[in-house]
Amino acid sequence: MNAWRTFRVKTALTLGLVTAASAIGGGSPHLLSASTASAESSASAKPAAPFEAAAAGVSAKLADSGPRNPGEVERFLDEFMARPDIANHLAGAVAVVTSGEDVLVKKGYGYADLQRKLPVDPDRTVFRVASISKVVTATAVLQLAEQGKLDLDKDVSAYLGEVRIPNRTDVPLTMRDLLTNSTGFEYGDTSEQTTPDLQRDVSLVSFVREHVPTVIREPGKFYRYDNLGFTIMGYAVEQTAGRPFEEYVQDHLFKPLGMTNSSFRLTPTMVSQLAVPYNVTGDPIPLYTTVPSVLPAGGMLSTGADMAMFMMAHLNGGKLGNAKILGEATAEDMHKPKLAIHPELPNMAYGFEYANRQLYNGRNVVEKSGDEDGYHSNMWLLPDEKVGVFLSVNKDFDFRAPFFEAFMDRYYPEEPSPRQPRTSDRQSLVKFEGVYSDLRNRMWTTRIRAEDGALIANDPLGEHKLREIGPLLFQDEQGVQAAFALNADGTVRAFYYDLKSDSWSQKMPEPLSYPDIPPDHPYAPYISHLRQLGVIGQEGETASFQSDQPIARGEFIAWFIRWAGIAPSGQQPVFTDLSGNPYGQEIQAAYEFGIIEGTGNGTFDPERPMSREEAAMVVWNMASAYLHAAPQEAVLGGSTDYWAMEGVRYAVAKRLYGPEIDGTQDAVDYQSKAPLLRQEAAALLSTFADNLY
């Protein structure tokens, strides 16, 4: 669920780090439209009939494959979980495979509680399934739509009571936009999603009222993962049904399906059954609850057995036995593409997602993943085969992609013929050149240039060669696809690369220059980078940058929050010296996000210059908590306070600095005690953006 914990990629199983980009989602060969010429059609909600026929043909051809024998499937799971790279780092896990209305296997591995040696029980052990909650919320919305109580194409304000969402566009925001992560909200993530205070009760209505977003992009035109959108959607369910969201879900989904160990609220019963979460080093994570207390976007708790019921109902036309949660047509429609950057590269169904399609051997797969501190889950559905797979773990050790890759290679090993790339002339590629900023995590920068008949894309994961395989559609050396969407005038609107599947990136205009920063200024590239991303420049077009002046603590935190793409907080600041400070809400957001602590006496001292070691610790707090970064080794010269050692070592090892530091020395003097100058702050954030991993 968390914006920073959802990045993962198929790469090596290092010590369980959620290390690279991608993936909230699954993949499908469904297409949206037969035409690739019209960029506007790339956001169409109508899948192309010719493609559906082709997909059906593939399924018919391979109908004799797939998991069938429970004993054989269990052996596959046992063999995978026994792999040293898995078993040596695992805390606990539950794995489930269903086919039709049969549970082929539901099995626990490892421990729900390492200290007590309590094994994982697939029927009883509860896991936080995090953002898989979104599919449940989407199912509730579709139920109400079937009953005629909710119109997917009506302005969503009709279902929000007194809450009104400001909209700077001429296009209404609809429930369909919420269902497909295409809200156009300025921010999709709030700074506080969990709390260790189990006694704190934050109602859904109060949370929504305090976090009302603003629509700044045309709804339905840009894909960006949106926790806030799904929470608002849950609130719409509550308002439409006339009862609390969690009660509606219990009575209309969980009870009919026999999901007796599932809940959106952390009750004493749920606590008694909850698997203990562990961090990447195996230390237990203290018990926490969500904000709001019932979180439609990510607060669901469930067991492997209960998730089997949910998957089977979805795969069998909305029915399980005598229970019916959706009409057959609605259930099937939920699994079809609704939003795509390109007809051959879909992003969203209703609540379900598509990603890493190269793993799925040409099959129609929809999926949903979920990530919270110490819990990582995934649900994959193969609608044509009526097969469901669920995996959940209770440690920050992520092996979901290799797990499902192994499953697909075992049961559906046929791979489609690779698309043959073509060499394109530079004139046709030059329009794609430029800087792209991720719509969810602003700092995620992709720089694209045309070279030797291909596009070279540089992002935090490295350099990738993208070759054209169709109009607006590209493929890298590993078969991972990327695509562009165009505006009506033929200019580039957005870019998407399936290695980071939670958002499109927007092509950024050339940044304005500061009058006191000439092109040959040693810090000009860093300053230009931040201004292009919208991190700086709010002071006006003609204002000077004042590069050699120290940056105040409050302003640096404001830069950092904008850099990260985190919404300013709507809460009352905890620090007593922020009254009237222009950066008060950003400072409060940083506090809620856990990257600052204040001075220790209830104040933050926002006007005091930020020291270099303080800034390094802010970066380290973000990297360690939200990127699962490991401590770095570096030989330091000069003087650094003990409390800042990890942060400064990280900054030095990752070379997060500008020309003010001589990184060629055996012992690098980071000048830790010196005030951080504004130009140095720009260098720190710019280099961090380019070296997230």
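Reader: Which residue in β21 does Ala-482 stand opposite?

Author: The model is a predicted one. Strands β20 (residues 481-486) and β21 run antiparallel and are joined by five bridges. Within this pair, Ala-483 has Tyr-496 as its bridge partner. Ala-482 stands opposite Tyr-497.

Reader: In the hairpin of β20 and β21, which residue takes a positive phi?

Author: Five residues lie between the two strands of this hairpin. The residue with a positive phi, near 90°, is Gly-490.

Reader: Which residue takes a positive phi in the hairpin of β19 and β20?

Author: Strand β19 (residues 473-475) pairs with β20 in the antiparallel sense over three bridges, and Leu-473 stands opposite Ala-483 in β20. The hairpin has five residues between its strands. A positive phi near 90° is taken there by Gly-479.

Reader: Which way do the residues of β20 point, and are they buried or exposed?

Author: Gln-481, Ala-483 and Ala-485 point one way from β20. Ala-482, Phe-484 and Leu-486 point the other way. On either side, the residues named are all buried.

Reader: How many of the residues of β21 are buried?

Author: Strand β21 covers residues 492-497. On one flank, β21 is joined to β20 by five bridges, and β21 also pairs with strand β22 (residues 505-507) in the antiparallel sense over two bridges. The strand is mostly covered, and the number of its residues that are buried is six of six.

Reader: What is the bridge partner of Ala-494 in β22?

Author: Ala-494 belongs to the pairing of β21 and β22, which is antiparallel and has two bridges. Its bridge partner in β22 is Gln-506.

Reader: In what order do the eight strands close into a barrel, and what is the average twist from one strand to the next?

Author: The pairing in the barrel is antiparallel, and the order is β15-β16-β17-β18-β19-β20-β21-β22. From one strand to the next, the twist averages 30°.

Reader: In β19, what is the bridge partner of Glu-468?

Author: Strand β18 (residues 462-470) runs antiparallel to β19, and three bridges join them. For Glu-468, the bridge partner in β19 is Phe-474.

Reader: Why does Leu-472 count as buried?

Author: Leu-472 is found in the loop between β18 and β19. Its phi is near 70°, a positive value in a residue other than glycine. Most residues other than glycine have a negative phi. Buried means under 20% relative accessible area, and Leu-472 counts as buried because its relative accessibility is 10%.

Reader: Is Asp-605 buried or partly exposed?

Author: Asp-605 lies in the loop between α16 (584-593) and α17 (612-626). Its phi is near 60°, a positive value in a residue other than glycine. At 31% relative accessibility, Asp-605 counts as partly exposed.

Reader: Where is Pro-292 found, and is the peptide bond from Val-291 to Pro-292 cis or trans?

Author: Pro-292 is found in the loop between β6 (289-290) and β7 (300-302). Most peptide bonds are trans. The bond from Val-291 to Pro-292 has omega near 0° and is cis.

Reader: How do the residues of the contact of α4 with α8 divide into nonpolar, polar and charged?

Author: From α4 the contact includes Val-136, Thr-137 and Ala-140, and from α8 it includes Phe-245, Tyr-248 and His-252. By class, the residues of this contact are eight nonpolar, four polar and no charged.

Conventions
Residues numbered from 1 in each chain as written. Predicted model: local features only at pLDDT ≥ 70, side-chain atom pairs only at ≥ 80, totals over all residues. Heavy atoms only, no water. Buried < 20%, exposed > 50% of the residue type's maximum accessible area, 1.4 Å probe, protein only. Helix = DSSP H or I, 4+ residues; strand = E, 2+ residues; numbered from the N terminus. Pairing = 2+ DSSP bridges. Axes fitted to C-alpha atoms, helices over the stretch in contact; angles between N-to-C directions. Contact = heavy atoms within 4.5 Å. Nonpolar A, V, L, I, M, F, W, Y, C, P; charged D, E, K, R; others polar.
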